Amino acid sequence: MDFIVSFLSTPAVLLGVVAFIGLMAQKKDASEVMTGTFKTIIGFLIFASGGMIMTGALQNFNKLFQSGFHIQGVVASPEAATALAQTEYGLVTSCILILGFVMNLVIARITPFKNIFFTTGHSLFFACVLALIFKAHHFSDLNAILLGGLLLGFFSAFFPQLCQPFMRKITGSDDQAIGHFNMIGYALSGLIGKLFSKHKEQTTESIKFPKWLSIFRDFLMGVAVVMLIIFYIATLKAGKDVTQELAGTQHWLVFPFVQAFTFTAGMSILMSGVRMFLAEITEAFVSISEKFIPNSKPALDVPTVFPYAPTAVLVGFISSYAAGLLGVAIMAIFKFPVIIIPAAHICFFSGGTAGVFGNSTGGWRGAIAGSFVAGLLLVFLPTVLYPVYGTLGIEGSTFPNIDYNITGILLDKLLSLFN
């Protein structure tokens, strides 16, 4: 059991197996099979390493920002919330994860929803949400596993379908789907972008920067500048003592400089990994689709869309994070029972992707508006389920993702009718 759970929780290995099966089905020779399989695994690990570097830098930013601006509340982080739940509900969560992947394959085979979900980290988080909701309503472990696995499998196939019309616009093909459980938010961002459809040609990528801002034409340079600014704002506000504690032996004013460029380096690593593994897995998946699940598509993590509109990612991050901070102010003013603090790394990946979707239908205006709405949902939706998790001892963190929360809220309300 431990081996299977570990296997399904390692996306690089899982994608490598998919590449291996696909290449074998194409009757490639041994060297081509090995090369394609290994490149898939290596590319994904490069991609994951870049993401970890970026997340680490953004978590340092979160600490500086919260300390400097004296924001007290619950940081919405699925990693932390899942870790809190594992001691008591680890078995149920793991079994839902395994059954959910199997049901995803079954549902893709027998329904029009032909998406195979490969972002297993997100599947784990969703499995944890489902386990917590069912256990909060006193379901037995077996019933929670069976129902949770069925729901996870269904939503893994169904939610990417909501985004597919926009994915075709973004990528120019129907070869891949998005696999990241903020898909209701991404589809909503694409729909909001349509409100600005008459300006859709004025995309984030076609912005004509004045000469003194020409550095922003290079995506990585633009990221570096923006991150330098926000890191130094947070650092100066937090002060020397707080920053020095995070910096260790490094000078406290050097720390934000290094963190900003560390984040940018992580982004560069991530993008190169995406290009490597996406090229291999797409080719290998053709055979799997034809032989086992006709017309199926791999649903992959959000950075796979970043190269199509990199400036929109930056715009979406800034817009969604601003929306999250506005949400904090509203919650404080109206004395919400809990204040949800937006995590910068969540806003970057989720808000940035919402920016790409909004940009595809409404240009830069759609990118700003769509990601702003997504940012509001990321902070307000978790306030509904936080008390439910509290009854199970899960306090101090929560799940920010839009799909988890909308599904969880509806499921919680439905089950409450039978209590």
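Three strands make up an open sheet in the order 2-4-3, with parallel pairing. Strand 2 and strand 3 are the edge strands, as each pairs on one side only. The model is a predicted one: local features need pLDDT of at least 70, side-chain atom pairs count only at pLDDT 80 or more, and totals for chains, interfaces and linings use all residues. Residues are numbered from 1 along each chain as its sequence is written, and side-chain values use heavy atoms, with hydrogens and water left out.

Helices (H or I, at least four residues) and strands (E, at least two) are DSSP runs, numbered from the N terminus. Two strands count as paired if DSSP finds at least two bridges between them. Strands of a sheet pair through backbone hydrogen bonds, either parallel or antiparallel. Strand 2 spans residues 115–117 and runs parallel to strand 4, joined by three bridges. In this pairing, Asn-115 stands opposite Lys-297 of strand 4. Strand 3 covers residues 177–178 and pairs with strand 4 over two bridges, again in the parallel sense. Here Ile-178 faces Leu-300 of strand 4 as its opposite residue.

Side chains in a regular strand alternate between the two faces of the sheet. Strand 4 comprises residues 297–300. Lys-297 and Ala-299 point one way from this strand, while Pro-298 and Leu-300 point the other way. All four are buried. Buried means under 20% relative accessible area, exposed means over 50%, and partly exposed lies in between (1.4 Å probe, protein chains only).

The loop between helix 10 and strand 4 holds Asn-295. Its phi is near 65°, a positive value in a residue other than glycine. Asn-295 counts as exposed because its relative accessible area is 61%. A second residue with positive phi is Lys-335, with a value near 55°; this residue, too, is other than glycine. Lys-335 sits in the loop between helix 11 (310–333) and strand 5 (340–341). A relative accessible area of 70% makes Lys-335 exposed.

Helix 10 spans residues 255–291 and contains Thr-264. Thr-264 is buried because its relative accessibility is 8%. Leaving aside residues up to four places away in sequence, Thr-264 touches Leu-220, Val-223 and Ala-224. Contact here means heavy atoms within 4.5 Å.

A nonpolar patch lies on the surface. Its members are Val-13, Val-17, Phe-20, Ile-21, Met-24 and Phe-292, with about 490 Å² of accessible area together. Patches are made of residues with over 30% relative accessible area and no salt bridge; like charges are joined within 9 Å, and nonpolar side chains (Val, Leu, Ile, Met, Phe, Trp, Tyr) within 5 Å. Areas come from the Shrake-Rupley method with a 1.4 Å probe, and for residues only the protein chains shown count as cover. Met-24 belongs to helix 2, residues 11–25. Met-24 counts as partly exposed because its relative accessibility is 45%.

Two salt bridges are found in a search of the whole structure. A salt bridge is defined as a side-chain nitrogen of Lys or Arg within 4 Å of a carboxyl oxygen of Asp or Glu. One links the side chains of Asp-141 and Lys-135, at 2.8 Å from N to O. Asp-141 is partly exposed, at 36% relative accessible area. Lys-135 is buried, at 18%. Another salt bridge joins Arg-168 and Asp-174, whose closest N and O atoms are 3.2 Å apart. Arg-168 is partly exposed at 38% relative accessibility. Asp-174 is likewise partly exposed, at 36%.

The search of the whole structure finds zero disulfides. A disulfide is a covalent bond between the sulfur atoms of two cysteines. The criterion is a pair of cysteine sulfur atoms within 2.5 Å. For Cys-163, the closest cysteine sulfur is that of Cys-347, at 18 Å, so the distance is too far for a bond. The closest cysteine sulfur to Cys-347 is in turn that of Cys-163. Cys-163 is buried because its relative accessibility is 0%. Cys-347 also counts as buried, at 3%.
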